[in-house]
Amino acid sequence: MSSPLLAALHRLPPVWRRVLTVLVAVPAVMIGSAAPAWATSETPPALSWMTLLDSKGISVWAYEMSLNTGGVTSPGKFVWSFLVEFVWQGYRGVVVFAIWLINWVLGFSWLDWVATPVVALSKTVTTLVHDFGLAPTFLTIMAAVCAMHVFRGRWTLGMFDLVVGCAIAALAVGGLSNPVGLVTGQSGYIMQSRDLGLELSSGLAHNGDTTSNADQMRQQTGATLVDTFIRMPEQMINFGRSLQGDPCEAKYDEVLRSGPHGGDDTLRNAMKDCNASMGDYADNPNSGMAISTIILSPSAIFVMLFALLLCIAVMLAVATVLFESLKLIVVMVWAILPGGSRGSLWQTFANLVMALATMTFAVVFLTAYLLLLQQVFSSSNSGGNGVMATFIFIDILIFMGIILFWRSHKALKRSATRLAAMMAKRPGGGSS
């Protein structure tokens, strides 16, 4: 049975399916090229350029397995520790790429690449519209049509069309004469929508405190992603429990900051000195530990899909805003005419509003879901849940998050049509 996500992917245009294929294949190739170095190098060379930190300021590459690999007398430990390490490295590589991708997209450093040619094109279009003198011509036609409505006794409709037409004309040569300039730049509506999402996310993450600036909150979001999908799973696999709030957490962080240690016994010995039960857990890798790691591994695929959906939604929203802003230059002048000519203007405005709302929604949804997943990891200790049960639940939650995000994104797109229909209502004259 195909899932709604797969059905949605099949409905994508061929060019977007190719983009998805490349985005999924790139991390897989990088991980494969790094595989021979996993046993001897702390950081996979193919991925070392991704310098991500968690909320403690610890590098993502310091989160290694520190297990007893056994020896001649303990072949079982060698087999299980090797399997755990191998699966963990693959999981970590995919998740790190997904987190980096989210952080890069939310950084909007790519916006100038896309916006620069659109800004140049908008100047050309504006010049052409002005040179043709369309605004005064359409104002004259609009006044004549409104006069006809008045002479036929349709005073309300005639005056409504006249007022709206004059307002549109004023905006076309005034406040909205350069719509592309309004949405681009550091103070444009695109960046404001992103900053609003990050501000709301700050309130969610800090009990209503929204004082963090956008860049700080973006870095915190990246750190939270590392905490949720790297730090907590590493603790649960290596030591059988989450160390959040644990007396040994400070020692754990101290050892990690001095790493990476190349998977040696430094971390395991330090935790054994702090808590014998955690040291014993890491000293005895077994089938249960390997199965837990394998159960966790689908999370890497789900996290990657989640990252792709979020990033594509944000980038498509930006592309929509730029396109609709460029189209608005012509549509604003055309909408000076009364009647059906204004329908395209309302649809353009609705598409702009919903595209900006999509960017804000994507950031807030990501933060809210991260907080939920963190609570699941944190409550696994107090609730007595096993490691495998927790990872199975996390896999289900991430998959549900993908479906919820996709459905919410589609609902926002449908809202644009409804909003345009509401704006198009005319008193006594039906819809534009």
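Colleague: How do the axes of helix α13 and helix α14 cross, and how do I read that?

Modeller: Welcome! Keep in mind that this is a predicted model. In this model, helix α13 (residues 287-296) and helix α14 (residues 298-334) have axes that come within 4 Å and cross at roughly 15 degrees. Angles under 35 degrees count as roughly parallel, and therefore α13 and α14 are roughly parallel to each other.

Colleague: Which residues make the contact between α13 and α14?

Modeller: From α13 come Ile294, Ile295 and Leu296, and from α14 come Pro298, Ser299 and Ala300. Sorted by kind, the residues of this contact are five nonpolar, one polar and no charged.

Colleague: Let me step back to the whole chain. How many helices and strands does the chain have?

Modeller: There are 16 helices and two strands. Of the 432 residues in the chain, 47% are buried. The chain exposes about 19800 Å², and 66% of that comes from carbon and sulfur atoms.

Colleague: Where do nonpolar residues gather, and which ones touch the most other members of the largest nonpolar core?

Modeller: Here is the general idea: in soluble globular proteins, nonpolar side chains tend to be buried together. In this chain, the largest nonpolar core has 107 residues, and Phe108, Ile190, Phe229, Ile230 and Met359 touch the most other members. Helix α14 supplies the largest share of this core, with 22 residues.

Colleague: What does Ile190 touch, apart from residues up to four places away in sequence?

Modeller: Ile190 touches Phe108, Leu111, Val183, Val318, Val321, Leu322, Leu356 and Met359.

Colleague: Now a charged residue. Is Asp283 buried or exposed?

Modeller: The step to remember is that buried means under 20% relative accessible area. Asp283 has 11% relative accessibility, so Asp283 counts as buried. You will find Asp283 in helix α12 (residues 276-283). Beyond its neighbours within four places in sequence, Asp283 is in contact with Asn68, Lys77, Arg268 and Lys272.

Colleague: And Lys123, is that residue buried or exposed?

Modeller: This time use the other cut-off, where exposed means over 50%. At 57% relative accessibility, Lys123 therefore counts as exposed. Lys123 is part of helix α4 (residues 111-132).

Colleague: How far apart are Lys123 and Ile329 in sequence and in space?

Modeller: They are 206 residues apart in sequence, while their C-alpha atoms are 9.8 Å apart in space. For the chain as a whole, take the contacts between residues at least 6 apart in sequence: 75% of them join residues at least 24 apart.

Conventions. Residues are numbered from 1 along each chain as its sequence is written. This is a predicted model: local features need pLDDT of at least 70, side-chain atom pairs count only at pLDDT 80 or more; totals for chains, interfaces and linings use all residues. Side-chain values use heavy atoms; hydrogens and water are left out. Axes are lines fitted to C-alpha atoms, for helices over the stretch in contact, and angles run from 0 to 180 degrees between N-to-C directions. Angles under 35 degrees count as roughly parallel, over 145 as roughly antiparallel, 65 to 115 as roughly perpendicular and the rest as oblique. Contact means heavy atoms within 4.5 Å. Ala, Val, Leu, Ile, Met, Phe, Trp, Tyr, Cys and Pro count as nonpolar, Asp, Glu, Lys and Arg as charged, and the others, Gly among them, as polar. Buried means under 20% relative accessible area, exposed over 50%, partly exposed in between (1.4 Å probe, protein chains only). Accessible areas come from the Shrake-Rupley method with a 1.4 Å probe; for residues, only the protein chains shown count as cover. A nonpolar core is a set of buried Ala, Val, Leu, Ile, Met, Phe, Trp, Tyr and Cys residues joined through side-chain atoms within 4.5 Å.
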